[in-house]
Amino acid sequence: MENSIWDLADLADLLGRSPETIKKDIRRNRLAVPPRLHIPGTRLLRWRRVDVDAWLASHVESRVNATSGR
């Protein structure tokens, strides 16, 4: 579902990381986690599925020239 909203447990399951590690990364290195959804008036940790998918896609390593030996 493209418009789904994920919580911390959902993101942790997807990334194979603990919720505590994700919280630490949010404080230390925001680039280590997908961009958060900010819901005004709350401190909830939420992510949109579309943002998580885009973030993951931006971190795929290129395999250009992998077979040519360059």
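Trainee: What should I know before reading the model?

Mentor: The model is predicted, so local features need pLDDT of at least 70, side-chain atom pairs count only at pLDDT 80 or more, and totals for chains, interfaces and linings use all residues. Residues are numbered from 1 along each chain as its sequence is written, and side-chain values use heavy atoms, with hydrogens and water left out.

Trainee: How confident is the predictor in the protein chain?

Mentor: pLDDT is the predictor's confidence in each residue, from 0 to 100. The chain has a mean of 89, and 86% of its residues reach 70 or more.

Trainee: Which helices and strands are there?

Mentor: The protein chain has three helices and two strands. Their order along the sequence is β-α-α-β-α. Both kinds are DSSP runs, numbered from the N terminus: helices are H or I with at least four residues, strands are E with at least two. Confidence is highest in strand E2 (residues 46–48), at 97, and lowest in helix H3 (residues 49–57), at a mean of 95.

Trainee: Why is Trp47 called buried?

Mentor: Buried means under 20% relative accessible area, exposed means over 50%, and partly exposed lies in between (1.4 Å probe, protein chains only). Trp47 has 0%, so Trp47 is buried. Trp47 sits in strand E2. Of the 70 residues of the protein chain, 23% count as buried.

Trainee: What places Leu37 in the partly exposed class?

Mentor: Leu37 has 22% relative accessibility, so Leu37 counts as partly exposed. Leu37 lies in the loop between H2 and E2. Leu37 and Trp47 are 10 residues apart in sequence, yet their C-alpha atoms are 5.0 Å apart. Trp47 and Pro34 are 13 residues apart along the chain, with 7.6 Å between C-alpha atoms.

Trainee: How do you know that Asp25 and Arg17 form a salt bridge?

Mentor: Side chains of opposite charge can pair when their charged atoms come close. A salt bridge is a side-chain nitrogen of Lys or Arg within 4 Å of a carboxyl oxygen of Asp or Glu. The closest N and O atoms of Asp25 and Arg17 are 2.2 Å apart, so the pair meets the rule. Asp25 is buried at 13%, whereas Arg17 is partly exposed at 29%.

Trainee: How many salt bridges does the rule give?

Mentor: The count is three. One of them joins Asp51 to Arg48, with 2.8 Å between the closest N and O atoms. Arg48 is partly exposed, because its relative accessibility is 36%. Another joins Arg49 to Asp53, at 3.1 Å from N to O.

Trainee: Where do Arg49 and Asp53 lie?

Mentor: Both are in helix H3, four residues apart, about one turn of the helix. Arg49 has 28% relative accessibility, so Arg49 is partly exposed. Asp53 is partly exposed too, at 27%.

Trainee: What makes Arg27 exposed?

Mentor: Its relative accessibility is 64%, so Arg27 counts as exposed. Arg27 belongs to helix H2 (residues 19–28).
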